[in-house]
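Look at the structure first, then read on.

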Amino acid sequence: MASFIKAISYHLPEAVVSNEDLVGEFPEWSVDKIAKKVGVNQRHVVSKDQCASDIAEQAARKLFAESGIDKSCVDFVLLCTQSPDYFLPTTACLLQERLGLSTHCGALDFNLGCSGFVYGLALSKGLIDSGIAKNVLLITAETYSKHFHHLDKGNRTIFGDAATATLVSTEGFAEIKEFDLGTDGTGANNLIVKSGAMRHREKFEDISFDKSGNPLSSDHLYMNGSEIFNFTLETVPELVGNVIEKNGLNNDSVDLYVFHQANKYMLDCLFDLMEIEEEKAFVYMSEVGNTVSSTIPIALCEAKKEHKLVGNVLIAGFGVGYSWGGCILNCK
Amino acid sequence: MDINQFVQDFADCFDDTDASEFTPELNFKQLEEWSSLSGLGIIAMCKKKCGIKITGAEIMEADTIKDVYDLVMSKAN
């Protein structure tokens, strides 16, 4: 049985941090210039009392309202997040109740970052192809802003919070074709929040500052930008090649590339390295930033609005873990 | 690749600094335009033009463009 994306919607939290806001906080830093390079004008962030489940619920409600899909058809909920409400219970179980979904639907969380949407599609396809489920509600919801030190101007410039909801079903506008997935745990320490979970329950309280004045803290999100950049340059071209090969395509038969929207600078480097023409490279991040697992579904939503989701669309997610994955969406 | 071509490719990683300022001896981290993003540009340039992977830490250890060039050449051989 084939699996399809039937509908996608997304939700952005109300509060907006503009580049002007950041310049106000960091007058010594040319944030405006850097923001221009990373391609982000503004980002949305959750409030102190807003959690992943809250924005996830809003995204799912929007999906049902915009698509007219009856929520009673949902027989599985997959939630991708690295900022769950609790250690337990599973946030997807909370969402079953809050969305008024059937008690006969399965629900689980999975913990991935920028590759999460692709893995969610792979899991959804597995559930549908095996006959376990017919309508999978795949939600991505991330609130990285809660992981940042307030003085971490670099990450606060790049990242934004968001949630998306996708219905994967036996029919729809985009058939989910073949995947290529990969993992390399040697990169774990290059994008990490060290304390808070079971390995280091207590805070380290070890903050220091690098030469550029950026805080380094085991109690907040740490990203080694240059190592992540190198990982991306090494991995993504091979990933894309593998996806094309596994789908029996060639470079010319891919109509649109929708990569994880890490930052514009990195995307431009990748497109340049892989010689992908500008008209085939979809970018949507200036008003939302890097929303982790939500960047690809948000970009797909926007590409659909622009009538660009036609033919073979190659999606590729890559990041924290390291984890990466890609597939072809054959769009009507 | 000879060092003059490398210096030119290095200069292309920067938007605001005049190309004439770039010499093998330039201490590039002293440029007003220097940022961690410039470092990413240099990593990408070395990968694309020379097929060589260098790290952010190696760039931070280098002082001059020639230091980066020597590093790339040592990895190429």
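Two residues are in contact if their C-beta atoms, placed from the backbone, lie within 7 Å. Keep in mind that this is a predicted model.

## Where the chains meet

By that rule, 12 residues of chain B are in contact with 12 residues of chain A. On the chain B side, helix H2 (residues 36-50) gives the largest share, with 8 residues. The chain B residues that touch chain A divide into 4 nonpolar, 5 polar and 3 charged.

## Two helices across the interface

Two packed helices are described by the angle between their axes and the distance between the axes. Here the pair is helix H7 (residues 225-246) of chain A and H2(B), which pack at an angle of about 30° with their axes 10 Å apart. H7(A) is therefore roughly parallel to H2(B), since angles under 35 degrees count that way. The crossing of H7(A) and H2(B) is right-handed.

Which residues make the contact? H7(A) brings A:Gly225, A:Ser226, A:Phe229, A:Asn230 and A:Leu233. H2(B) brings B:Ser36, B:Gly39, B:Leu40, B:Ile43, B:Ala44 and B:Lys47. By class, the contact of H7(A) with H2(B) has 5 nonpolar, 5 polar and 1 charged residues.

## A two-sided helix in chain B

Helix H1 (residues 3-11) of chain B has B:Phe6, B:Val7 and B:Phe10 buried. These residues are on the same side of H1(B) because they cover an arc of only 100° around the axis. An α-helix has 3.6 residues a turn, so residues three or four places apart point the same way.

What covers the buried residues of H1(B)? The cover includes H2 and helix H4 (65-76) of chain B. On the other side of H1(B), B:Asn4, B:Gln5 and B:Gln8 are exposed.

## Backbone details in chain A

The bond from A:Leu88 to A:Pro89 is cis, with omega near 5°. A:Pro89 lies in the loop between strand E4 (76-80) and helix H4 (91-98) of chain A. The bond from A:Gly321 to A:Tyr322 is also cis, with omega near -10°. A:Tyr322 sits in the loop between strands E14 (311-319) and E15 (323-331) of chain A.

Next, look at phi. A:Val292 is not a glycine, yet has a positive phi of about 60°. A:Val292 is in the loop between helices H8 (264-273) and H9 (295-305) of chain A. A:His307, in the loop between H9 and E14 of chain A, also has a positive phi, near 60°. Is each one buried or exposed? A:Val292 counts as buried because it has 31 C-beta neighbours inside 10 Å. A:His307 has 7 such neighbours, so it counts as exposed.

Notes. Residues numbered from 1 in each chain as written. Chains lettered and ligands numbered in written order. Predicted model: local features only at pLDDT ≥ 70, side-chain atom pairs only at ≥ 80, totals over all residues. Helix = DSSP H or I, 4+ residues; strand = E, 2+ residues; numbered from the N terminus. Nonpolar A, V, L, I, M, F, W, Y, C, P; charged D, E, K, R; others polar. Axes fitted to C-alpha atoms, helices over the stretch in contact; angles between N-to-C directions. Parallel < 35°, antiparallel > 145°, perpendicular 65-115°, else oblique. Left-handed = near helix turned anticlockwise from the far one by under 90°. Buried ≥ 20, exposed ≤ 12 C-beta atoms within 10 Å, placed from the backbone. Arc of directions from axis to C-beta.
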